[in-house]
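Please open the model in a viewer and keep the selection tool at hand. The stops below are taken in turn.

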Amino acid sequence: MGGAEDDEPPSKRVKASYSYTQPKGYSNSSFLKESATCSSMARPLASQGDDELIGSQGIKKVEFVRVIADALYSLGYSKTGACLEEESGITFHSPTVTTFIQQILNGNWDGSLASLRKIGIADESIIKSASFIILQQKFFELLDREKVMEALKTLRTEISPLSVNNNRVRELSFFILFPKSRITDGLSGQRMVKSKARSELLEELQKMFPPTVMIPDGRLLQLVEQALDLQREACLFHNSDAGETSLYVNHQCGRDQIPSQTVQILQEHQDEVWYLQFSHNGKYLASSSSDNSAIIWEVNLDGKISLKHRLMGHQKPVSSISWSPDDSQILTCGVEEVVRRWDVSSGECLHVYEKGLLGLISCSWSPDGKCVFSGLTDKSIVIWDLDGKEVECLKGQKTVKISDLQITSDGKLIITICKETMILLIDRESKSERCIEEEQMIVSFTLSRDNKYLLVSLVNEELHLWNIEGRIRPVAKFKGHKRSRFIVRACFGGLEQAFIASGSEDSQVYIWHRGSGELIETLRGHSGAVNCISWNPVNPHMLASASDDRSIRIWGLKQLSSKQNGKGKSPVNNGIQYCNGATI
Amino acid sequence: MDIDPKQYEQIKINDKDSHNIILSYLIHGCYKETLESLVTSTGLKVTNAQLEDMEKRKRILHSALEGNALDAIHLTEQMSPDLLENNKDLLFDLLSLHFVELICSKKQTEALNFGQAKLAPFGKVQKYVGKLEDFMGLLAYVEPEKSPMFHLLSLEYRQHVVDNLNRAILAHAYMPSFSKLERIIQQATVVRQCLSEELGKDVLSPFSLKDFLKRS
């Protein structure tokens, strides 16, 4: 590329900034302003081979360079940006666009409207919408300066004739009544109260224009972040936030982030352990057993678990537990017996819930902590307040003899197994019911923390994941574990609940990566069927399993991580630690 | 299938009832001269106070209908002092009539000033905001008749506001806000509709006043 202009160093062309943000492609515009003699500086775009491609996926060189130029300007490297434009011969913005941007930032409305027509947008409706918001800005700025009559004139003679968005025209006329308007309350959030910054207007315009005219801001960063997201999703073992994000290497976690080694065995129960669950804050673990008792364990700061309270009182095996939303109390349910409410810090039984001669089969707290839900042997569901007064009773076939009962954390849905092959979702307000139908008998289910997914455990040794938000639809299946005679439970867990863990009758714990459905770990150690699993909601590296072998195993990471955080990292040991369960 | 007209003959109407119905209609519509003739020919009683009130009401309604809303407001306040105070919706509607009048006479500046002075205070209350937007919106168009809010300029709209004003004034004076004639027609229509619904659509045709009057 010849020409006298080449001898001028780029820095000479970059001038002092305007009072608003520097428009991109600045150098071209200042050059245009300077003199007509240098007009040949406007390099022709097309002659560089518009269709040149780079890489292996048909990426156009022109687009690639322009995206990089945008990134450079965003970072503040306008000299480099200008250099890039010059060297590559690819202008970041066409001269008209640059003029347009300047006009907007200067408040030269008429000029900008004229430029708008020359920019190269084919779609008339976009031009109208853009004109509308430019004129709207003009309108508001006039009102700001209390030039009410001029603002009215703009509205009448320039804005209304566009015949775009008549509703907004009404709203704008309303603002004329209040030129110093600071109306905030009582009006919809959509109302603009005073004129926004011109740079914001520019951003809004940018979004309206096709990307060939004006490149969307921050596009390069957006593309890179998309790539990182995909890498993370594809990472099967991503269970820790601790790793840095580096652009040099693809993200790939090692297996070492998944709990896979027994770090503690808890042997305080006298019989099969049927159920366990960590508290919401991850500080406690509650387990229940066919020895008619439940135990509250404490998770200490060093990750070791110790016995806090034994909860005695049930006359039947305790089949389920429910933590109160604030973790200060728990409910336990005896099989076809009663529900007991306990205080966590004292271990005292605060209340016993029962209903006549009926047996209770499940229990759950309401999300506001004020009510207790329970399924009954007559297939209905009853709701009590904390003192045992019955608030409501949902009659009919709402639950089966052995069923889980869950309330979504927003209090909107009650979920229960109402028939062998059907799960019922009852909307508490409207009383409407939706259901999930399976082809096989349902054994148990569990709800994800975000209330969007339901993991259903079936008799045919499959776990089905359903999306229950909006239209109910199946999402994935997980297989591999064994179940034939007993209730085996599964749970969500790990960082952002990206994993699924399940017990199994072959004494192992199975862990799958939720997104891909791949089985990533099977944990050996128990000597009896593993009935229930709970993943610590606060520590993605701690897993607890309950087994028919009367023990509870706590699983942790295999090796010491270089970054220790306070919770739950257990020290490496050659052997397995035994917990002697000292009573408090 | 319809009701056999011969059945009507079974019902006897009292003359006095007929006169009362007409009287109430005339009072409602402020037809003073007609009322005076009726009174003379039937021997019905109407007091002077009643006639005076009717005259006042007539002036108010005519002012409003002719676009002289400010006069109408002033007269209303004279006749029934706290009526508009307690009926903000009506006050707003009347003020808006004046606003519309200014717009139709192409007096934008005056309209704007009037709007800022008198209508703007209503804007603090949520339920008036929509209406205010509609009216102010008229200002935004060089040809308001071609705007989406053109109906606000129409005679029908003015008539509607005037009707509301009439009913409010009557109610304020503890007089019926609907004339008996209106009520009778409304009653017949509603009863007929109920019957149609109960007996099924094929049995009775929906009540049409026009047809009924033509037939008899």
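Select B:Ser80 first: with a relative accessibility of 4%, this residue counts as buried (under 20% relative accessible area; exposed is over 50%, partly exposed in between, with a 1.4 Å probe and protein chains only). B:Ser80 lies in the loop between helix H4 (69-79) and helix H5 (88-104) of chain B; helices are DSSP runs of H or I with at least four residues, numbered from the N terminus.

The model is predicted: local features need pLDDT of at least 70, side-chain atom pairs count only at pLDDT 80 or more, and totals for chains, interfaces and linings use all residues. Residues are numbered from 1 along each chain as its sequence is written, chains are lettered from A and ligands numbered from 1 in the order written, and side-chain values use heavy atoms, without hydrogens and water.

Next, select B:Tyr31, in the loop between helix H1 (15-28) and helix H2 (32-42) of chain B. Its relative accessible area is 38%, so B:Tyr31 is partly exposed.

Now colour by pLDDT, the predictor's confidence in each residue, from 0 to 100. Chain B has a mean of 84, with 94% of its residues at 70 or more. Chain A averages 81, and 84% of its residues score at least 70. Within chain A, residues 25-48 have pLDDT below 50, yet this stretch has 40 contacts in the model beyond near neighbours in sequence. For the complex, the predictor gives an ipTM of 0.73 and a pTM of 0.58.

Technical notes: Contact = heavy atoms within 4.5 Å. Helix = DSSP H or I, 4+ residues; strand = E, 2+ residues; numbered from the N terminus.
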